[in-house]
Amino acid sequence: MKIGKTMMITYSAMGIALNVVLGTVVSSMKIPLLFLDTIGTVLVAVLFGPWWGALTGGLTNVVLGVTTGGSAIFFGIVNIVIGLVVGYIARKFDFTKWYIALFTGIIISIIAPLIGTPIAVAVYGGLNGSGMDIVVLWLRASGESVFASTFISRITGNLVDKTITCFLVVFMVTRLPIFSKIKRKEKRYAA
């Protein structure tokens, strides 16, 4: 039985909900260096490929833009690129391995700030109201540029967050029967 578009759309909607809900909960709890706002994007990219991951990521930021503030839409490109990168890595390598998750987490934790920092500087002046603003302000006070301060704070947070996100997705795909079934079917029909 082939995985249908209805199933992919349903899981993409679930991925969007995971991104929004977990991102909002973790943000309100002020957990340092953890966001979990891309876990749904990563999960859908691993299960269904880069384009479904990109769609999930982009639509997450549209939903956030409508519900929390229009500036979230600007960061949609970051979430789209994360979906594409993770989807291509998951197609090429076995994403059920911890070292692939670690490698992927490190890769996207570098790519996300490279794209997000210029947006954060242009939209917010480098500050966005998160706990990482303390790092930005500290680095600014020590003489760093706005771009460098924002990039350093973002890459620090992303190294922790994106690696944990990838490990959580590996756990979900390998330990939760519904996701492992989908992954097995997807591998069979990928050719």
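The chat below goes through helix contacts and a few residues.

Me: What kind of model is this?
Reply: A predicted one.

Me: OK. At what angle do H4 and H5 pack?
Reply: About 155°, with the axes 9 Å apart. H5 covers residues 98-124.

Me: So are H4 and H5 roughly parallel or antiparallel?
Reply: Roughly antiparallel. The cut-off for that is an angle over 145 degrees.

Me: Which residues of H4 and H5 make the contact?
Reply: From H4: Ile-77, Val-78, Val-81, Ile-82, Val-85, Val-86 and Ile-89. The H5 side includes Ile-100, Phe-103, Ile-107, Ile-111 and Ile-115. Thr-104 and Gly-116 of H5 take part too.

Me: How do the residues of that H4 and H5 contact divide by type?
Reply: 15 are nonpolar, two are polar and none is charged.

Me: And what is the handedness of the H4 and H5 crossing?
Reply: H4 passes H5 in a right-handed crossing.

Me: Stay on H4. How many of its residues are buried?
Reply: Twelve of the 17, so H4 is largely enclosed by the rest of the structure. Among them are Asn-79, Gly-83, Leu-84 and Gly-87.

Me: What does H4 span, end to end?
Reply: H4 runs over residues 76-92 and reaches 25 Å from its first C-alpha to its last. That is close to the 24 Å expected.

Me: Switching to H2 and H3. At what angle do they pack?
Reply: About 160°, with their axes 7 Å apart. H2 is residues 39-48 and H3 is residues 50-67. H2 and H3 are therefore roughly antiparallel.

Me: Which residues meet there, between H2 and H3?
Reply: Gly-40, Thr-41, Val-44, Ala-45 and Phe-48 of H2 meet Pro-50, Trp-52, Gly-53, Thr-56 and Gly-57 of H3. Five of the contact residues are nonpolar, five are polar and none is charged.

Me: Now single residues. Where is Leu-36?
Reply: In the loop between H1 and H2.

Me: Is Leu-36 buried or exposed?
Reply: Leu-36 is buried, with a relative accessible area of 9%.

Me: Last one, Thr-163. Which helix is it in, and what does it touch?
Reply: Thr-163 lies in H7, residues 146-175. Leaving out residues up to four places away in sequence, it touches Leu-102, Gly-105, Ile-106 and Asn-158.

Me: Is Thr-163 buried or exposed?
Reply: Buried, because its relative accessible area is 12% and the cut-off is under 20%.

Conventions
Residues numbered from 1 in each chain as written. Predicted model: local features only at pLDDT ≥ 70, side-chain atom pairs only at ≥ 80, totals over all residues. Heavy atoms only, no water. Axes fitted to C-alpha atoms, helices over the stretch in contact; angles between N-to-C directions. Helix = DSSP H or I, 4+ residues; strand = E, 2+ residues; numbered from the N terminus. Parallel < 35°, antiparallel > 145°, perpendicular 65-115°, else oblique. Contact = heavy atoms within 4.5 Å. Nonpolar A, V, L, I, M, F, W, Y, C, P; charged D, E, K, R; others polar. Buried < 20%, exposed > 50% of the residue type's maximum accessible area, 1.4 Å probe, protein only. Expected span 1.5 Å × (residues − 1). Left-handed = near helix turned anticlockwise from the far one by under 90°.
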